[in-house]
Amino acid sequence: MSEDINSIKIKNEDDAWEIFEQALEGAFDEHSNLELVFSNWPKIDIKLKGIKHQASLTAKNMEGLIELQNTIFRTYALAVHSKLNANKLTDDEKENLTITFQISEGSSEVVAELIKTITIFAKDMATKMEPKHYVITVLGLGLMWGGNAGLSTLLQHQKDLFVAEQQTIQKKEEIDARRFASEQEIKRMEILANAYKYNPGLEQVQESVDAMQTTLLKKLSDADEISINAVKDIQSKTVKQIFKKQREKAIDDRIDGIFRIIKVDSSNFEYFKVKVRNIADGAELSVTIKDTDITDKRKKQCLQDAEWSKIPVVMRMNIKRMRGVVVNANILNVEEVPENIIGFINEGQSDIAISWSPSKGFQYITKQDEKS
């Protein structure tokens with residue numbers, strides 16, 4: 001290690017939050033030459049209590065641990081390869097990222113060591129990012145993977161939803177009276193959300209980790225009590241109550257962007273299905289569209305032509321999301337992308353801003369436009 005590199009040692013979660021906040025507040029300018037070094041953190045310490053969990057784990061528990069491993073793969077792939085897809089990782093990357101689960105003799109305690117994983121990522125990113133973004137991204141990933149605030153606030157949020165639902169029904173269930181998330185932990189998650197503007201991918205990481213923690217808790221709920229890091233003695237009954245399937249409402253949203261059409265299925269007379277890939281982030285979505293939603297035959301033909309000729313199209317859609325998944329879409333407008341914009345896309349440029357107005361139609365802003 002060169003003497004002019006400033007090594008910042010992270011020994012625990014408090015260290016990580018302190019350095020993370022310093023980066024958000026403007027520390028570590030472009031002239032900083034630094035490297036994050038991890039010691040004894042992050043890790044996930046799981047303790048299970050119950051008749052089935054006397055120095056043993058069940059197959060259901062192992063499914064939860066496998067989901068933890070898969071989430072590490074997916075979120076690392078997003079951070080490094082910009083795709084939330086473990087298939088983007090090489091075999092060597094997967095081998096290096098494989099978690100070591102330490103099981104204590106004579107008890108049902110499992111420790112998932114994430115130090116090697118975060119160290120690999122820190123070394124990979126040290127020369128690929130500006131120092132400020134490097135610190136925010138690496139520590140943001142560590143705080144999501146192994147931090148207490150995320151799990152505590154997830155439990156608190158689910159409990160709040162459960163309590164609110166109980167107020168609307170006659171037969172009410174008793175619930176663990178404790179408050180899972182402290183004011184400090186809630187504040188920390190607000191701070192973490194501020195980092196999304198520096199690296200939008202962190203928001204996707206948090207969503208993926210939330211889903212993993214939900215799965216993990218459900219898979220561990222055959223124990224009487226569960227402890228994960230600083231969140232102690234969560235009752236199995238509580239997990240089953242607050243994570244049971246609740247009635248959800250679709251959220252209205254909007255997508256404007258450039259898409260590649262992967263498949264158009266128009267075999268049904270009442271609707272047709274379209275699978276598209278957003279060139280901006282690689283996200284794929286499948287939507288079922290009623291013929292009444294897209295009455296202009298030219299628009300439908302444009303979608304089919306784009307599939308056959310493999311050229312991108314620009315689309316405006318009103319959509320409905322449920323738990324982050326698009327469940328319905330209404331295509332407001334679709335047209336071919338100009339040849340000069342296709343040229344930029346073929347050259348690897350994907351961050352092309354789109355705007356639309358009734359008078360001018362679609363407008364495109366590229367990197368070249370921003371520079372000029």
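Student: Is Asp233 buried, partly exposed or exposed?
Tutor: Asp233 counts as partly exposed, because its relative accessibility is 32%. Buried means under 20% relative accessible area, exposed means over 50%, and partly exposed is in between (1.4 Å probe, protein chains only).

Student: Where do these values come from?
Tutor: This is a predicted model, where local features need pLDDT of at least 70 and side-chain atom pairs count only at pLDDT 80 or more, while totals for chains, interfaces and linings use all residues. Residues are numbered from 1 along each chain as its sequence is written, and side-chain values use heavy atoms, with hydrogens and water left out.

Student: Ok, back to Asp233. Which side chain does it meet in a salt bridge?
Tutor: Lys49, at 3.4 Å from N to O. A salt bridge here is a side-chain nitrogen of Lys or Arg within 4 Å of a carboxyl oxygen of Asp or Glu.

Student: How many salt bridges does the structure hold?
Tutor: There are 11. One of them joins Arg254 and Asp256 at 3.0 Å, N to O. Asp45 and Lys47 also pair up, at 3.3 Å, N to O.

Student: Which residues are linked with Asp45 in a network?
Tutor: Lys47 and Glu109, through salt bridges.

Student: New topic: how do α2 and α8 pack?
Tutor: Helix α2 (residues 59–81) and helix α8 (residues 201–220) pack at an angle of about 175°, with axes 8 Å apart. That makes α2 roughly antiparallel to α8. Axes are lines fitted to C-alpha atoms, for helices over the stretch in contact, and angles run from 0 to 180 degrees between N-to-C directions. Angles under 35 degrees count as roughly parallel, over 145 as roughly antiparallel, 65 to 115 as roughly perpendicular and the rest as oblique.

Student: Which residues meet there?
Tutor: Among them are Leu65, Leu68 and Arg74 in α2, and Val205, Met212 and Leu216 in α8. Contact means heavy atoms within 4.5 Å.

Student: And what about Asn148, buried or exposed?
Tutor: Asn148 counts as buried, at 16% relative accessibility. Asn148 is found in helix α6 (residues 148–166). Leaving out residues up to four places away in sequence, Asn148 touches Glu13, Glu185, Ile228, Asn229 and Ala230.

How values were computed. Helices (H or I, at least four residues) and strands (E, at least two) are DSSP runs, numbered from the N terminus.
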